[in-house]
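Have the structure open as you read.

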Amino acid sequence: SPLDDDLRRQDLEAAIEFGNHKSAIKHGPTTMATLLKEMSKGWQLPLPMDCLLDIPHLVMTPVGMAEQLKLNANGERTPDLRLTHNMSMVFDPSGTSLNGRVDSTKLSKCVYGFALSRFINAIVELRRRHPNCIIYLSKFDLKSAYRRIQLRGLEAFQTCISTTGLQEVEETVLALLGLRMTFGGKPNSAIFCEIPTASLTWP
């Protein structure tokens, strides 16, 4: 549901003033390095901050850095950071968020959810049918999976972020328009499920 343009502009002004979450600012150099890498790959389009209010349909949301663990080559857990876009951020002028305005009834069903329970059920059924066979299970991961899916123009205008608080020299603050799917947009998991990445059939 699109915002009334006056409310959208007020939300945009509030978002510009808010900047980014403390987690992104805390890890400013890492966050900025991640964004520079995305710009170099053409995933983010840099824009001057002073032109944002003149761009129709533009919506800005803050970014954060999620602290998590990953496995290294030796199977040890090591700290890791993941860039997130908070598209559920509510700004006072409108009292709504970008994700809150998404019409969930129009989203496709998520077919890749609840993987563990689905695997367990499949294994039990395979064992019932083939009691003496070895059961193999493989796993694969698509690197930067969401970033492989390009956004349409109007959708891209909803993904703007800024580099506020991420650099030592604040005069060089940029707005970044996302050209690929973001980690934080409510529709994106449904959109990703529509892409025929794999065809699974159980014997």
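## A helix across a sheet

Helix α3 lies across β1, β4 and β5, and runs at about 105° to β1. Please keep in mind that this is a predicted model. The three strands form an open sheet in the order β1-β5-β4, with antiparallel pairing. Its edge strands are β1 and β4, each of which pairs on one side only.

Q44, for instance, has G178 in β5 as its bridge partner.

## The two sides of α3

Helix α3 covers residues 28-40, 13 residues in total. From its first C-alpha to its last, α3 reaches 18 Å, close to the 18 Å expected at 1.5 Å a residue.

Which residues of α3 are buried? They are G28, T31, M32, L35, E38 and M39. These residues cover an arc of only 120° around the axis, so they sit on the same side of α3. An α-helix has 3.6 residues a turn, so residues three or four places apart point the same way. On the other side of α3, P29 and S40 are exposed.

The buried residues of α3 pack against α2 (22-26) and also against the strands β1 (44-48), β2 (63-71), β3 (77-85), β4 (161-162) and β5 (174-178). After α3 comes G42, which has a positive phi, near 80°.

## A buried charged pair

Side chains of opposite charge can pair when their charged atoms come close. The structure holds 6 salt bridges, and one of them joins E38 to R147, with the closest N and O atoms 2.9 Å apart. This pair links distant parts of the chain: E38 belongs to helix α3, while R147 is in the loop between α4 (115-129) and α5 (153-156), 109 residues apart.

Are the two partners buried or exposed? E38 is buried, with a relative accessible area of 8%, and R147 is buried too, at 4%.

Being 4 residues apart in α4, R129 and E125 are separated by about one helical turn. R129 counts as partly exposed at 43% relative accessibility, and E125 counts as partly exposed at 27%. A network of salt bridges links E125, R128 and R129.

R152 and E155 form another salt bridge, their closest N and O atoms being 2.8 Å apart. Here R152 counts as exposed, at 61% relative accessibility, whereas E155 counts as partly exposed, at 26%.

Terms used: Residues are numbered from 1 along each chain as its sequence is written. This is a predicted model: local features need pLDDT of at least 70, side-chain atom pairs count only at pLDDT 80 or more; totals for chains, interfaces and linings use all residues. Side-chain values use heavy atoms; hydrogens and water are left out. The expected span of a helix is 1.5 Å times one less than its number of residues. Buried means under 20% relative accessible area, exposed over 50%, partly exposed in between (1.4 Å probe, protein chains only). The arc is that of the directions from the helix axis to the C-beta atoms. Contact means heavy atoms within 4.5 Å. Two strands pair if DSSP finds at least two bridges between them. Axes are lines fitted to C-alpha atoms, for helices over the stretch in contact, and angles run from 0 to 180 degrees between N-to-C directions. A salt bridge is a side-chain nitrogen of Lys or Arg within 4 Å of a carboxyl oxygen of Asp or Glu.
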